[in-house]
Amino acid sequence: MIKVKKRKILLLPGDGIGPEVIGEVKKIINWFNNKKSLDFEIDEDLVGGSSYDKHGTPITDEVFYKALESAVIMLGAVGGPKWDNIEFSKKPERALLKLRKELKLFANLRPAICFKQLVDASTLKPEIVSGLDIMIVRELTGGIYFGEPRGIKPIENGERKGINTHTYTSSEIIRVAKIAFELAKKRSNKVTSCEKSNVMEAGQLWREEVQTLHDKEYKDVELSHMLADNCSMQLLRNPKQFDVIVTDNLFGDMLSDQASMLTGSLGLLPSASLGAKNKDGEMRAMYEPIHGSAPDIAGKGIANPIASILSFAMALRYSLDLDKEAEALEKAVQDVLNDGFRTKDILSDGMKEVSTSQMGDALISKLQ
Ligand code: NAD
């Protein structure tokens, strides 16, 4: 079994704007190493289309091995039109799925935060989203995207049948629910668990297991259950009623995308995918911005690096046990926005337009 190196950070910038935004994360990591005497060991390698171009595969065994021994993987983004027509198994996105699956990263954490300075970027009214701070915990390695049997098969009368299977075991539900309860304890102490227990047996099991876990271990956390379709509606009606939402792979996919758009700014939202802790307390985890490789702006130096930098703040908090440093970085982001610095995607009247690297530099000057 490959051991996780406690302070090892693997940078996988990927494609498009990935290298530009991860370049700014690298500056921040170096700043922490130099100014705060933290001993992060940084490594960097290719993934996605850039790996395919050099090695004919979206992730080499060597890079996969490096990922296995890293406490933190910081991923930029993968993909782009250049690789749209290559064979399915070699597509850039296969590298991501391999990492998530093989590293057993079962809990995907997606905060949706609406910065007060950017409240006008949302399509919803300011009073609905101002101060919004919710965390969606999506189960990432089970459910209908992985269940068997699956496939497309011919049936009678020349018709075909598409099959996917939605399954969850008790332990798969309990381990992700635990993460949600633990997170809630550090936030506003409230968990909303979402499923479709009215029409799906797997949803009924989900509800029962979450409730049983709550009653056994997390009585002090407020728990409510909500049908996923209602949750989708409530996210638009009154999103501030939520603190932590925990849900399965399929509903989490939809609800987290919906929640992220409440904030109106793709370039600002981080994410974390966490694995289980082993008996030595080691955990594998991957952190990445929620946006893609943005081929339309790649190479122009205008990408917003904040989503990647806030993903690193999540890494400081969840993988590296450096809560104070995470808070300092998050505060630096607030300060820079307060000073009116904006990359092009979030620019508004009267604000100062900055490039990707100027944004990184401004954050570092705030950290000082
Ligand atoms: P995208 O997120 O790359 O871009 C959508 C829009 O948002 C674009 O106009 C882009 O310029 C803008 N944008 C995104 N991130 C930004 C940032 N940091 N700063 C400023 N503007 C930003 O989504 P897409 O265009 O649908 O996908 C492009 C490629 O990325 C596709 O190949 C897709 O498969 C891939 N993708 C990868 C990931 C990932 O690596 N996790 C996620 C989503 C999409």
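Visitor: What distance separates the centres of domain 1 and domain 2, taken over C-alpha atoms?
Guide: Welcome! Please keep in mind that this is a predicted model. The chain is divided into domain 1, made of 1-106 and 275-368, and domain 2, made of 108-268. Taken over C-alpha atoms, the centres of the two domains are separated by 24 Å.

Visitor: How many residues of domain 1 are in contact with residues of domain 2?
Guide: Contact here means heavy atoms within 4.5 Å. On the domain 2 side, 23 residues take part, and on the domain 1 side the number is 20.

Visitor: Which element gives the most to the lining of the largest pocket?
Guide: By class, this lining has 11 nonpolar, one polar and seven charged residues. Strand S4 (107-113), strand S5 (133-139), helix H10 (306-318) and helix H11 (323-338) each supply at least two residues. The element that gives the most, with five residues, is H11.

Visitor: Which element gives the most to the largest nonpolar core?
Guide: The largest nonpolar core holds 72 residues, and those touching the most other members are Phe 40, Met 74, Leu 109, Val 137, Tyr 287 and Phe 312. At least three residues come from each of domain 1 and domain 2. With nine residues, the element that gives the most to this core is H10.

Visitor: How many residues are in the second, separate core?
Guide: Members of this second core include Ala 112, Leu 132, Ile 245 and Ala 259. Its total number of residues is 18.

Visitor: What volume does the largest cavity have?
Guide: A search of the whole structure finds one cavity of 30 Å³ or more. Its lining includes Arg 110, Pro 111, Ala 112 and Ile 290, and S4 and helix H9 (249-262) are the elements that give two or more residues to that lining. By class, seven lining residues are nonpolar, two are polar and one is charged. The volume of the largest cavity is about 40 Å³.

Visitor: Is Asn 157 buried or exposed?
Guide: Asn 157 is found in the loop between S6 and strand S7 (160-165). Although it is not a glycine, Asn 157 has a positive phi of about 60 degrees. Exposed means over 50% relative accessible area. Asn 157 has 74%, so it counts as exposed.

Visitor: What is the phi of Asp 321?
Guide: Asp 321 has its place in the loop between H10 and H11. At 64% relative accessibility, Asp 321 counts as exposed. Most residues other than glycine have a negative phi. Asp 321 is not a glycine, yet its phi is positive, at about 55 degrees.

Terms used
Residues numbered from 1 in each chain as written. Predicted model: local features only at pLDDT ≥ 70, side-chain atom pairs only at ≥ 80, totals over all residues. Heavy atoms only, no water. Helix = DSSP H or I, 4+ residues; strand = E, 2+ residues; numbered from the N terminus. Nonpolar A, V, L, I, M, F, W, Y, C, P; charged D, E, K, R; others polar. Core = buried A, V, L, I, M, F, W, Y, C linked by side-chain atoms within 4.5 Å. Buried < 20%, exposed > 50% of the residue type's maximum accessible area, 1.4 Å probe, protein only. Domains from an automatic or database assignment. 1 Å grid on protein atoms, 1.4 Å probe; cavity = no way out; pocket = protein on both sides within 12 Å on 5 of 7 lines; lining within 4 Å. Points joined across faces, edges and corners; volume = space filled by probe spheres on them.
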